[in-house]
Every structure is written in structure tokens, then in C-alpha cells.
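Let's take a walk through this model together, one neighbourhood at a time.

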Amino acid sequence: MMSRACPQLISLSKKQFAAGFSTCQRMYQKYNEPLSGHEMPRAGGIASMMRLPVQNNTEGLDACFVGVPLDIGTSNRSGTRHGPRQIRCESSLIRKVNIATGACPFDSMQVADVGDVNLNLYNLPKACEDIRKHFLGLVQAGCVPLALGGDHTMTYPILQAIKEKHGPVGLVHIDAHADTNDKMLGESIAHGTPFRRAFEEGCLVGNKVIQIGLRGSNYTLDDYEWGKKQGFRIVEAFECWHKSLSPLMEEVRVMMGDHPVYISFDIDGLDPCFAPGTGTPEIGGLTSIQGLEIVRGCRGLNIVGGDLVEVSPPYDFQGTTALTAANLLFEMLCVLPKVKYGLR
Ligand code: MN
Ligand code: MN
């Protein structure tokens, strides 16, 4: 198993090697890389995101993966507190280059898994404050956070932190739901209200918000009107049926210009046949391929952060949902502004 390229490793104990850290690469290379399946069996090593090194601070990092084990903001099925761990587990197959797009994110960026937000699981407003503070630390250090959710409530405190660093941002929001309710069961903080709260607090630029994939039954016919009044562009799921979303993303790039943009991907934006493991599934959703087109279409945008939310492992019987989520997070990493693209 010892790699011929890394004779120094002979001096490492088996225990060190089994720890799963990519020591071999760190001896030779400037940037972290996912631990290769040729160095350590994919079922082995520490279950970090993409088998990247784990560190508990942002020192030297351009981007990081961070978990938010939250599900007390959910309204139907719960279980998203287990999302980050399962996404990390299913990410073990993802390799370092994106052969379809040519992106080589580990050639020009220092990336690590910085672990999870330690949050209050018994008090949602307090949990939000824990998340806001944690993300403020990440973004103040100049690190672009890519968050593993967790229910969608978390995007509200993340956007508060992002605003403090970057001001109001544009938003690419993929979801079956607008998440712009004013109240849920009388509460102003829940997984169906984050974008209403974020807009009210000046975290979003109204005419640079696009919500893609909205659908499902509702309480009134004007459920999307509040967002439209603020300038949000709504693209309902039926408008996406049977077509490529790449032309839409050309429009999004014009809409955003070089303004800072946040990507929030609720896995229930995809159809339940692709992503069944989620709390509020709605039929007639986007395909995995359309999800890829959206994220890949964000290349060239000034992306300052992103999240993948609402993966609920107890309902994810085949692991497909977490696998898809892990890959979409990798695709987000691949479109960050610092990423170099190789030629094929
Ligand atoms: Mn949502
Ligand atoms: Mn949703």
C-alpha cells in the first residue's frame, strides 16, 4: 500500500497512515487534496468531506466545508441533524478533478473540512446565533464556507454573517419552496422563513435573487407574490420541465454581474425520485442533471458562500440523497472564483 512516490511515508507508523490524513500529499504539494482511493481504501480513513484533511480553524484556507447538524426548524419529517455526517460518508467516492468541466479546485485553493457548528439543539433562536457567530469567524478569516445541512433555517444566520463581511448579496436559491413565510406556528424563525428574515435585514439584494424549482400545493394562490414584490425572480418547476437550464443560467450571470453571490441548494428542489431523503418532498421536481446545470452555470459568478440543505438520512434508504448532495457540494467548490480550470 505504501506509495512509491512518497518514500518518507515509510517512517510513518501504520497508525498515522490509518488516521486518513493526506500526509503524503502535504509533504509534496502546496494544497490539500482528497485522500486518494489508491492510497487508502475508500471505506477507510476518517470520514471527512471528500476525505480532505480536517482542521479546527481557518488558518491558510481559501474555502472550507462545514457541517450544521440542525433539524429543530423542520415542519414535517425531521432528521436533517444527521445530514452533515451522511453527506461526508457518501462523499468518499468523489475524486479531486471535475472531468466534465475541467475544474481542478485543489490546484489553486487550500480547502479543508473544518468540522461542525456546535449549536443549541433545544432552542432554535440560540442555534441561529451559534451558527451566525461560527460563520462570521469563517468569513472574517477570508474563507469561503460551503455548508453541509442541516435544515434550511441555517441559511438565515449564515446570510447574516455573510452580510457583515460582504454587504447584501445576490442569491441563487434552488428549492421546491420559496421559504419566505412570515410566520410558522406563530414563530418567525423556522425552515420556511429564512429568506423573508434575510431580506428584511438587508442581507439580500431583491433584484439579484432567483428562486428555481418552486412547486407543490399551497395555502393561497399568491404564495410567491411577496418575493416578486421584492424583485425576486421566481422560476417555477413546471417552467423547467423537459429542458436544459443552461440558457437560464446565462441570464443569471447577466443578472448578477460581479456582485457577491450566495448559493443555497435545498435538496428538495430535485425530484423525490433523485432525492427522496428529505423532509418536505414535492413531486415534479428538477433532475440531478438540471441541478448540475444550475451549479455549473454559476461559474464566473463572484460566489462568496454556499450551502446544501435538507438532507434527512433517516428517509434516505439508498443513500442517493446524501450522495447527490455531496456531489453538488463538490460542484459548488468547482465554481468558486479562485478555481483553475485545466484543458482536456
Ligand atoms: Mn428550503
Ligand atoms: Mn424545500
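A charge is said to sit over a ring if NZ of Lys or CZ of Arg is within 6 Å of the ring centre and within 35 degrees of the ring normal. By that rule, the charged end of Arg 77 sits over the ring of Tyr 315, 4.5 Å from its centre. Arg 299 does likewise with Tyr 341, its charged end being 3.3 Å from the centre of that ring.

A word on the ground rules: this is a predicted model, in which local features need pLDDT of at least 70 and side-chain atom pairs count only at pLDDT 80 or more, while totals for chains, interfaces and linings use all residues. Residues are numbered from 1 along each chain as its sequence is written, chains are lettered from A and ligands numbered from 1 in the order in which they are written, and side-chain values use heavy atoms, with hydrogens and water left out.

Now turn to the metals. Donors here are N, O and S atoms within 2.8 Å of the metal (3.2 Å for Na, K and Ca), and water is not among the atoms, so sites may look incomplete. The manganese ion (ligand 2) is held at 2.1 to 2.4 Å by Asp 175 (OD), His 177 (ND1), Asp 266 (OD) and, through two OD entries, Asp 268. Along the chain, the donors of this ion follow the spacing D-x1-H-x88-D-x1-D. Asp 175 also bridges to the manganese ion (ligand 1), and the two ions lie 3.2 Å apart. Asp 266 and Asp 268 are both buried, meaning under 20% relative accessible area, with exposed over 50% and partly exposed in between (1.4 Å probe, protein chains only).

Next comes helix 3 (residues 83-90), where Gly 83, Pro 84, Ile 87 and Arg 88 are buried. Why do they share a side of the helix? They cover an arc of only 130° around the axis, taken from the directions from the helix axis to the C-beta atoms. Helices (H or I, at least four residues) and strands (E, at least two) are DSSP runs, numbered from the N terminus. The cover over these buried residues includes strand 1 (63-68), strand 3 (111-116), strand 4 (144-149) and helix 11 (320-334), with contact meaning heavy atoms within 4.5 Å.

Finally, look at the aromatic rings. Rings of Phe, Tyr and Trp (its six-membered ring) pair if their centres lie within 6.5 Å; planes under 30 degrees apart count as stacked, over 60 as edge-to-face and the rest as tilted. The count comes to three aromatic pairs. One of them is edge-to-face, between Phe 199 and Trp 226, at 5.7 Å centre to centre and 90° between the planes. Because Phe 199 lies in helix 6 (residues 194-200) and Trp 226 in helix 7 (residues 225-229), the pair ties together parts that are 27 residues apart in sequence. Trp 226 also forms an edge-to-face pair with Phe 232, at 5.8 Å and 90°.
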